[in-house]
Amino acid sequence: MIIHPQIQGVVARSCHPAGCQAAVNEQIDKATQQHSQDTALPKRVLILGASSGFGLASRIALTFGPANAKTLGVSFERGASEKGIGSAGWYNNIHVANAAQAAGKVAPNIVGDAFSDKVRQQVAETIRNEFDGEVDLVVYSLATGVRPNPENGEFWRSVIKPVGKAVEGYSVNFEHNRLDTIALPPASEQEIDDTVKVMGGEDWLGWMEFLNDQQLLAKGCRTVAYSYIGPERTHDIYHKGTLGLAKIHLHQTRKDIDQLLAPLQGHADIAVCKALVTKASVFIPGLTPYLLALYRVMKDKGIHEGCIEQMNRLFYSKWNSDARDQEGLIRLDDWELREDVQQAVNPLLDTITPQNFNDLGDYDGVLREFLQLNGFAFENVEYDAPVDIDTLKALKP
Ligand code: NAI
């Protein structure tokens with residue numbers, strides 16, 4: 001079969017395994033070019049949400065970069081079946097594991113629901129068997145819309161809505177290459193609470209308590225979760241909306257985890273990342289016009305970064321420095337929030353409309369990154385070559 005991109009709104013319904021390999025290889029190349037004299041980099045790392053976006057980039061930076069760490073990746077992905085080709089993250093996992101093995105490194109995958117007890121047990125077993133019984137870093141990079149409530153088996157569902165007022169704006173539609181007008185009503189109290197349950201810090205703390213109880217955390221163990229704040233312009237939809245409230249909960253949880261890790265002389269961090277095209281972020285209604293403007297400006301200024309550049313900067317220049325803001329957060333959004341960047345972004349945002357978004361914003365660049373997340377739009381991949389579905393079905397992460 002020949003695999004074509006199938007896009008529905010902002011969701012990719014197909015992916016190209018060879019293109020996913022190209023994407024992983026590009027990131028590996030960038031990680032291997034890093035240099036660091038730091039002798040205190042993590043060596044055994046658990047990454048929750050390792051198959052795409054920031055989690056995948058963290059994994060590649062740590063496995064293939066100067067840290068040369070063993071990494072255990074947990075993600076929720078699906079392989080090829082009668083129903084379809086599977087998800088990009090499934091193939092990313094396979095390509096990372098293969099590349100690691102070829103380079104004599106250790107990077108096993110566990111694919112399953114990180115909220116389930118079964119996956120926790122699998123993680124514990126793998127750490128005991130393959131990581132000498134301990135990890136010295138836990139990266140928490142899950143992005144999801146649902147979390148099961150362990151008490152009644154029902155699901156908390158997150159919503160992406162403003163709080164206290166309605167918001168109108170535009171959202172990109174990759175299926176039809178257009179900017180759609182959107183109107184978001186304010187979230188209800190229940191929706192706010194549920195979003196905090198899904199994307200706040202409770203599960204991060206739960207994982208750290210589990211790993212601590214099982215004595216799987218090394219002395220000096222650290223953990224990091226990723227957050228977003230963004231400029232004033234995006235606050236109605238993000239920072240002061242449901243997701244932002246969940247992130248504030250995440251930030252507060254850092255202190256609980258610090259306490260938990262104190263006997264180990266461990267520490268929890270939040271890294272505030274820049275706005276980037278990922279499977280999760282394009283789903284945030286109203287944020288995409290900002291991405292179009294931001295990409296244009298940061299590229300013009302020569303300071304555009306993707307997930308791997310951000311994670312290389314996190315681990316190889318900020319990690320063991322005392323670069324924190326007054327709240328103790330690591331700021332990887334420092335270039336995004338630079339005054340000259342925002343001063344150039346704002347007038348663009350004022351003038352972007354469904355008629356001119358393609359000229360004013362970097363729509364081509366944003367679309368290309370979106371397609372590449374799913375293995376499309378790479379120049380060196382032969383998309384006309386047929387792919388054998390049975391061969392794909394045999395691939396396991
Ligand atoms: P993503 O969608 O690219 O990756 C999410 C990962 O979570 C995938 O590996 C997926 O398999 C995994 N996952 C989801 N549900 C799971 C489950 N139940 N069990 C196991 N694995 C599961 O997302 P992205 O954008 O990399 O987000 C990661 C974190 O970074 C989030 O906390 C997000 O808020 C944050 N962030 C994202 C920014 C952006 O612009 N994309 C900016 C700043 C922070």
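**Notes on the predicted model**

1. Helix α6 is followed by Gln215, whose phi is positive, near 55°. Gln215 is not a glycine, and it sits in the loop between α6 and β11 (217-227). Most residues other than glycine have a negative phi. With 66% relative accessibility, Gln215 counts as exposed; here buried stands for under 20% relative accessible area, exposed for over 50% and partly exposed for what lies in between, with a 1.4 Å probe and protein chains only.

2. A word on the ground rules: this is a predicted model, in which local features need pLDDT of at least 70 and side-chain atom pairs count only at pLDDT 80 or more, while totals for chains, interfaces and linings use all residues. Residues are numbered from 1 along each chain as its sequence is written, and side-chain values use heavy atoms, leaving out hydrogens and water.

3. Now the overall build. The protein has 13 helices and 13 strands; these are DSSP runs numbered from the N terminus, helices being H or I with at least four residues and strands E with at least two. For 397 residues, a compact globule would have a radius of gyration near 21 Å, and the 20 Å of the protein agrees with that. That radius is taken over C-alpha atoms, and the globule rule is 2.2 Å times the number of residues to the power 0.38. Along the principal axes, the C-alpha atoms fill a box of roughly 60 × 50 × 50 Å.

4. Among contacts (heavy atoms within 4.5 Å) between residues at least 6 apart in sequence, 76% join residues at least 24 apart.

5. Back to α6, which covers residues 202-213. Its 12 residues should span 16 Å at 1.5 Å a residue, and its end C-alpha atoms are 16 Å apart, which agrees; the expected span is 1.5 Å times one less than the number of residues. Its buried residues include Trp204, Trp207 and Phe210.

6. Helix α12 (residues 363-373) deserves a look too: eight of its 11 residues are buried, so the rest of the structure largely encloses it. Among those buried are Tyr363, Glu369, Phe370 and Gln372. Their cover includes β1 (7-8), β2 (11-12), α1 (17-32), β9 (167-173), α8 (288-300) and α11 (357-360).

7. What follows α12? Just after the helix, Gly375 takes a positive phi of about 85°. Ala377, in the loop between α12 and α13 (389-394), also has a positive phi, about 70°, although it is not a glycine. Ala377 is partly exposed, with a relative accessible area of 34%.

8. Is Thr195 buried or exposed? This residue of helix α5 (residues 189-199) counts as buried, at 0% relative accessibility. Setting aside neighbours within four places in sequence, Thr195 is in contact with Arg157, Ser158, Val159, Gly200, Thr242, Leu243 and Ala246.

9. Lys301 lies in the loop between α8 and α9 (307-318) and counts as partly exposed, at 36% relative accessibility. Beyond its neighbours within four places in sequence, Lys301 is in contact with Arg338, Asp340 and Val341. Its C-alpha atom is 45 Å from that of Ala124, 177 residues away along the chain.
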